[in-house]
Amino acid sequence: MFYTQRRVTDPREGVSWVHGTRIGIAVSGNAGMTWAYLGEAEGLGHADDTLWAPEVLRTPNGYLMFLTVVDGRHPDWSGRAGIEVFESDNLRDWQFRERLELGSERVIDAAVARCADGRWRLWYKNERDDSTTWAAVSDDLRSWTVEGRVIGLPGHEGPNVFQLGQRYWMITDEWRGLGVHASPDGVIWVRQTEGNGVILAHPGSQPSDAAAAHHADVVALDNDRALIYYFTHPVESGTVLAADMAQADRRSWIHVALLTVQDEVLHADRDVPRSIGLDLASQLEEVVRD
């Protein structure tokens, strides 16, 4: 698991605590039931860069990471932000390959998948276009052509694309739950109408899962089920755990829920019983092995 390491205890004002961040790695020896911190990914950006939202893709030649890199550390949402590509053969040590030209000096949150037309697409948040999702297309994961906006308002971030139930799905973080769009080909998207087009907006049963889900990633188990990993801010629930009183508004928790497709509608269950979770973990282990 690759994630943004926010600096919760940074004493400076504003949003300095979400800048200067590195990319952390957690590992699991039991297919995701428990996790241990492994350290930071090496070779990403310069010392003063801000690193966000890693998207890791396995290729026949190794691994690619599409990483948001903000030049410098800022007390506000400023600075030049772009998506850079890194290569690795071991998932620990990374080498810079290129910075992509995507038509804006404020693009973040990459997602990459191969579409039904056989071409690769990169989706990303364009902050200069009212925080909407844009796409670029490539035949070789090297040369990219910007296609433009694919998901409009309301504003959002963190697009993630995956296949489930014979369709492509895109989830985005609307800061009130995760917006859902579906596509037959990964090119043309239609918003899901059920639940106002949002999943994981209502609290789960765990005290640390009592708020809307944020910026998620998905691992498909089979054609009809997937695991969705997301984070919450405990302070958003209105009930902060004792362990989180210090910098409560900055802390976050990572959770996992079950996604299913029923009658072409994407559903999320964030309160899956542990017995079912063990079965899902066993299926995830098979997916990872393959």
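Modeller: Happy to: buried stands for under 20% relative accessible area, exposed for over 50%, and partly exposed for what lies in between (1.4 Å probe, protein chains only). The model is predicted, so local features need pLDDT of at least 70 and side-chain atom pairs pLDDT 80 or more, while totals for chains, interfaces and linings use all residues. Residues are numbered from 1 along each chain as its sequence is written, and side-chain values use heavy atoms, without hydrogens and water.

Colleague: What share of the contacts join residues at least 24 apart?

Modeller: It is 46%, taken among contacts between residues at least 6 apart in sequence; a contact here is heavy atoms within 4.5 Å. A41 gives you a local picture: it sits in the loop between β3 (36-40) and β4 (50-59).

Colleague: Which residues does A41 touch, leaving aside neighbours within four places?

Modeller: A41 is in contact with I23, I25, R92 and W94. R92 is 51 residues away along the chain, yet the two C-alpha atoms are separated by 5.2 Å. A41 is buried too, at 10% relative accessibility.

Colleague: On to charges. How many salt bridges does the structure hold?

Modeller: There are 20, counting a side-chain nitrogen of Lys or Arg within 4 Å of a carboxyl oxygen of Asp or Glu. One of them pairs R99 with D71 at 3.6 Å, N to O. R99 is in strand β7 (residues 95-99) and D71 in the loop between β5 (62-70) and β6 (81-88), so the bridge ties together parts 28 residues apart in sequence.

Colleague: Is R99 buried or exposed?

Modeller: R99 counts as buried, at 19% relative accessibility, whereas D71 is partly exposed at 29%. Both belong to a network of salt bridges that also links R80 and E84.

Colleague: What about R270, which residue does its side chain meet in a salt bridge?

Modeller: D209, at 2.6 Å from N to O. R270 lies in the loop between β20 and α1 (274-289), and D209 in the loop between β16 and β17 (214-220), so that pair connects parts 61 residues apart in sequence. R270 is buried with a relative accessible area of 9%, and D209 is buried at 1%.

Colleague: And the R225 and D222 bridge, what is its N to O distance?

Modeller: That one is 3.8 Å. R225 is partly exposed at 23% relative accessible area, and D222 is partly exposed as well, at 35%.

Colleague: Now the backbone. Which peptide bond is cis, with omega near 5°?

Modeller: The one from L153 to P154. P154 is in the loop between β11 (145-151) and β12 (157-164). Most peptide bonds are trans, and most residues other than glycine have a negative phi.

Colleague: Then what is phi at S131?

Modeller: Positive, about 55°, although S131 is not a glycine. S131 sits in the loop between β9 (120-126) and β10 (132-138) and is buried, at 16%. D263 also has a positive phi, near 55°. D263 is in the loop between β19 (253-262) and β20, and it is exposed, with a relative accessible area of 77%.

Colleague: Last topic, pockets. What volume does the second largest pocket have?

Modeller: About 260 Å³, which is the space filled by probe spheres set on its grid points, joined across faces, edges and corners. A pocket is an open set of points on a 1 Å grid over the protein atoms alone, where a 1.4 Å probe fits, with protein on both sides within 12 Å along at least five of seven lines; lining residues have an atom within 4 Å of a point.

Colleague: Which residues lie nearest its centre?

Modeller: V198, I199, L200, A201 and H202, out of 15 lining residues. β16 (198-199) and β20 (265-269) each supply at least two lining residues, and β20 has the largest share, with four.

Colleague: How does the lining of the second largest pocket split by class?

Modeller: Seven residues are nonpolar, five polar and three charged. Nonpolar covers Ala, Val, Leu, Ile, Met, Phe, Trp, Tyr, Cys and Pro; charged covers Asp, Glu, Lys and Arg; the others, Gly among them, are polar.
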